[in-house]
Amino acid sequence: MAAPYMAGVIALWKESIKKQTSKKPKEGWIQAAHIALKNTARPLAYKGSEKLMWPPVKVGAGVVQAYNAVVNKVKITPTQLLVRTDVTSQLFNLSISNIGESDVTYRLTHKPGVTVNLPMTWYGDGFDDQLPVAQVAVVKKQITVPAKSKIDLGVSGRQVTVVGP
């Protein structure tokens with residue numbers, strides 16, 4: 001049932017975009033739909049944990065929120081940050097675009113996902129909540145994106161250990 005549901009969500013999303021503008025999204029319809037769905041999905045908690053989320057490699061971006069995907073006027077790219085395990089810290093740039101008619105304010109937070117042990121994923125046991133996880137830190141805790149504009153934001157990523165579920 002997932003494929004018909006997703007086809008319907010994407011059709012609703014595309015129709016709403018066509019009503020707003022006659023232009024095709026600059027990144028193309030497929031990539032634009034991908035961004036809209038990932039930006040509005042609700043992440044899934046890892047085995048009932050308050051601290052950890054399932055990694056996107058297992059569940060995607062989370063549960064699709066059809067209404068949010070259709071009415072959302074803000075786009076965040078990239079849609080995921082891949083924090084490497086062979087470096088202590090990384091810097092990332094996020095781009096937040098607001099195509100709406102009014103300013104939008106966000107409180108910036110992060111919930112880490114369970115670490116994926118890639119060699120073990122071939123055997124079906126690649127998720128380990130005892131391994132260090134990626135923690136993303138932002139300088140500003142809240143930002144306002146003015147209507148019809150874009151903000152670029154720097155964030156840092158590093159590995160940390162989360163104790164307990």
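Is Trp54 buried, exposed or partly exposed, and at what relative accessibility? In this predicted model, Trp54 comes out at 21% relative accessibility, so it counts as partly exposed. The cut-off for buried is under 20%.

## Aromatic pairs

A search through the whole structure turns up 2 aromatic pairs. Take Trp13 and Trp29 to start: their ring centres are 5.9 Å apart and the planes meet at 85°, so this pair is edge-to-face. It ties together distant parts of the chain, with Trp13 in helix H1 (residues 2-20) and Trp29 in helix H2 (residues 29-40), 16 residues apart. Both Trp13 and Trp29 are buried.

Tyr46 and Trp54 also make an edge-to-face pair, with 4.7 Å from centre to centre and 70° between the planes. Tyr46 has 5% relative accessibility, so it counts as buried, whereas Trp54 is partly exposed.

## Lysines over Trp29

The charged end of Lys14 sits over the Trp29 ring, 4.8 Å from the ring centre. Lys18 lies over the face of Trp29 as well, at 6.0 Å from the centre of the ring.

## How H1 meets H2

Two packed helices are described by the angle between their axes and the distance between the axes. For H1 and H2, the packing angle is about 105° and the axes are 11 Å apart. Angles from 65 to 115 degrees count as roughly perpendicular, and H1 and H2 are therefore roughly perpendicular to each other.

Who touches whom? On the H1 side, the contact involves Met6, Val9, Ile10, Trp13, Lys14, Ile17 and Lys18. They meet Trp29, Ala32, Ala33, Ala36 and Leu37 of H2. So the residues of the aromatic pair, Trp13 and Trp29, turn up in this contact, and Lys14 and Lys18 do too.

## Strands

Strand S2 (residues 89-98) has 7 of its 10 residues buried, so the rest of the structure largely encloses it. S2 is joined to strand S1 (residues 74-77) by 4 bridges, and the two run antiparallel. Lys75 has Ser97 of S2 as its bridge partner.

Strand S3 (residues 104-107) and S7 (residues 142-145) also run antiparallel, joined by 4 bridges. Here Val104 is bridged to Val145 in S7.

In a regular strand the side chains alternate between the two faces of the sheet.

Key
Residues are numbered from 1 along each chain as its sequence is written. This is a predicted model: local features need pLDDT of at least 70, side-chain atom pairs count only at pLDDT 80 or more; totals for chains, interfaces and linings use all residues. Side-chain values use heavy atoms; hydrogens and water are left out. Rings of Phe, Tyr and Trp (its six-membered ring) pair if their centres lie within 6.5 Å; planes under 30 degrees apart count as stacked, over 60 as edge-to-face and the rest as tilted. Buried means under 20% relative accessible area, exposed over 50%, partly exposed in between (1.4 Å probe, protein chains only). A charge sits over a ring if NZ of Lys or CZ of Arg is within 6 Å of the ring centre and within 35 degrees of the ring normal. Two strands pair if DSSP finds at least two bridges between them. Axes are lines fitted to C-alpha atoms, for helices over the stretch in contact, and angles run from 0 to 180 degrees between N-to-C directions. Angles under 35 degrees count as roughly parallel, over 145 as roughly antiparallel, 65 to 115 as roughly perpendicular and the rest as oblique. Contact means heavy atoms within 4.5 Å.
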